[in-house]
Each structure stands twice: as C-alpha cells, then as structure tokens.
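Here are my notes on the model you sent. They are set out as numbered points, to be read with the structure open.

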Amino acid sequence: MLVGAVAAAALSMGTLPATANAVDNPGALIVGGHDATEQYDWMASLQRSGNHSCGASLIDQQWVLTAAHCVQDAAPTDLGLRIGSPDHTTGGTEAGVSEIVVHPDYAAKNRNGDIALLKLDHAVSQTPVEIADVSGEAGTPSRIIGWGLTCPVRGCGEPPAQLQELETKVVPGGQCSLGLIDGATEICTGSNELLANACFGDSGGPQLEGRPGDWKLTGVTSRLGSLIPVCGTAPSIYTDATAYKDWINANIG
C-alpha cells in the first residue's frame, strides 16, 4: 500500500515508531482541526488493548468500515470498538469484532483497495452513516473527523481524547504524491488552511460530504499525499468508498 517508503506513509501510528506513552496506540488525529461541533453517532474508535488505534464508521447495525492497513496484522479478537462517543476513552457503545473482511485488491498487495469491513459481535443501536452514491469532483467541500495527534510528526505529542474535525475539499489527484493516485478508486483531499489535514493514525476514519446533520460518507483515510512524512504539507489520499459500494453491499448483505 505504500507508494515508496516516504511518498505515501500510511496514516496509522502502527507503521512507524510511536512515543513512549503510545507504543500500543497506533492512532492519531487531524492537524489544524478543532473539537467536533456536532454529534456523530456512527463514528467509531477502532481499539487494540483498550487504546485508540484507527477510525471507523458504522455503516450497518453490525458492520463498520475502516482502512485495510489498520487491520492487516490483526485477528478479530485483537480488536474492539467504541461507537457513538466523541471521547474515545469513555461513553458510547462498546463492541467486539467477529469477522474481518479485507478488500481482495489489498490482500493481493495491489496498490489500491485500502478498505476493510469489520463485523461486530453484536448489533448496536446507533444510526449508521449512509455511503454516498458518488464522491464529489475537485472543488467539492468535505469534512474529515478523527482522534489522535494534533501535531504534524510522529512522536510529537499525545493524542487528545476529544473527537476533532476539519473542513476540507476534494482537489485534483495530481496534488497527491505527484499523481500516484488512482482517480477511479481514491480521493485527493486538501485544505484551505496551511499545515492542516489528516495525520498519522487518522487512518480508517471518514471523509464526509453534505452539510451539518446530513453527512454522507465518501472516503476512508488511507495515507499521506506528501513526499515527506509531515502531516499537512500536501493533501492526503482517501480510499473512495463510493467506488467500492457494490463490494460493501455484497459483503454485509
């Protein structure tokens, strides 16, 4: 999934050394964002050993969507989820994972397909987020949300417990990793703010299009779109969930 060792660092702390206090916490957050301004009942914290690891989105009462690289080395028993709380340490609904379904392109070590489904060990009461039919063209406003580091390099600080958000937009694919992006299955996501974008461990969390109270999911955080592993220096790359909607529906029934 990495397009070169530097050009496309996966946005998970689990792929590079973490801070001493976060060795078991591969999760990280949005640089340049702010505390969430609304409730996202379907937002989930994917956790290992009780620590935030990656983001995930509830798309069915018993299924969440995340990035494949967040679970590539995991068994279902390694994972847990906290769903519907803006604080990844408390509240919401806790659930285990009974099944991991990784997209076959990623499993075959192709560059694309950084998307995975996790079946919960029981149905939850939160209302799922709807996946859009298509993602917007370049210039379309969007929003990203997640938990973790709010500074731009790995090991630079501690992740906050409070869910963060950032206004973003779809930008031309050529702005991500010198064009190393599949326009049919990936989204290049930029920001109007300097040094503001997704960061390490924001992986698996959603990119949203719509308006407050009426968001639809379009993307899943995949990797940096920068030539250097510093968050916000270039747009980030998101797996286009709308391109995999048939695969998602086929697997969750």
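How many disulfides does a search of the whole structure find? The search finds 3. Keep in mind throughout that this is a predicted model.

1. **Cys54–Cys70.** Start with this disulfide, whose sulfur atoms lie 2.3 Å apart. Its S-S torsion is about -90°, so the bond is left-handed. Buried or exposed, for Cys54 and Cys70? Cys54 is buried, at a relative accessible area of 0%. Cys70 is buried as well, at 2%.

2. **Cys176–Cys188.** Here the S to S distance is 2.1 Å. The torsion about the S-S bond is about 95°, so this disulfide is right-handed. Again distant parts of the chain are linked, 12 residues apart. Cys176 sits in the loop between strand E10 (164–170) and strand E11 (186–190), while Cys188 is in E11 itself. Both Cys176 and Cys188 are buried.

3. **Cys199–Cys231.** The sulfur atoms of this disulfide are 2.0 Å apart. With an S-S torsion of about 75°, the disulfide is right-handed. Its ends lie in two loops, 32 residues apart. Cys199 is in the loop between E11 and strand E12 (206–211). Cys231 is in the loop between strand E13 (214–224) and strand E14 (236–240). Cys199 is buried, with 0% relative accessibility. Cys231 is buried too, also with a relative accessible area of 0%.

4. **His69 and its partners.** Look next at His69, in the loop between E4 and strand E5 (79–83). Which side chains make polar contacts with the side chain of His69? One is Asp114, in a side-chain contact of 2.8 Å. Another is Ser203, whose side chain is in polar contact with that of His69 at 2.6 Å. His69 counts as buried because its relative accessible area is 6%, against a cut-off of under 20%.

5. **The barrel.** Six strands make a closed barrel, in the order E2-E3-E4-E7-E6-E5, with antiparallel pairing. On average, neighbouring strands of this sheet are turned by 40° against each other, direction ignored.

6. **Strand E3 and its neighbours.** On one pairing, E3 meets strand E2 (residues 43–48) in the antiparallel sense over 6 bridges. Within that pairing, Met43 has Ser57 of E3 as its bridge partner. E2 and E3 form a hairpin with 2 residues between them. Ser49, in that turn, has a positive phi of about 50°. E3 also pairs with E4, antiparallel, over 3 bridges. Leu58 stands opposite Val64 of E4. A hairpin through 2 residues joins E3 to E4.

7. **Helix H2, two faces.** Which residues of H2 (residues 245–252) are buried? They are Lys245, Trp247, Ile248 and Ile252. Down the helix axis these buried residues fall within an arc of 160°, so they line one face of H2. The face turned away from the buried side carries the exposed residues Asp246 and Ala250. Note that Lys245 is on the buried list, whereas Asp246 is exposed.

8. **Helix H2, packing.** Against what do the buried residues of H2 pack? Their contacts include strand E3 (51–60), strand E4 (63–66), strand E6 (93–102) and strand E7 (116–120). Helix H1 (104–107) and strand E8 (130–131) are among them too. H2 lies across E3, E4, E6 and E7, and runs at about 25° to E7. E3, E4, E6 and E7 are also strands of the closed barrel. After H2 comes Gly253, with a positive phi near 75°.

Terms used: Residues numbered from 1 in each chain as written. Predicted model: local features only at pLDDT ≥ 70, side-chain atom pairs only at ≥ 80, totals over all residues. Heavy atoms only, no water. Buried < 20%, exposed > 50% of the residue type's maximum accessible area, 1.4 Å probe, protein only. Helix = DSSP H or I, 4+ residues; strand = E, 2+ residues; numbered from the N terminus. Arc of directions from axis to C-beta. Contact = heavy atoms within 4.5 Å. Polar contact = N/O pair within 3.5 Å; in protein donor to acceptor, adjacent residues only side chain to side chain. Disulfide = S-S within 2.5 Å. Pairing = 2+ DSSP bridges. Axes fitted to C-alpha atoms, helices over the stretch in contact; angles between N-to-C directions.
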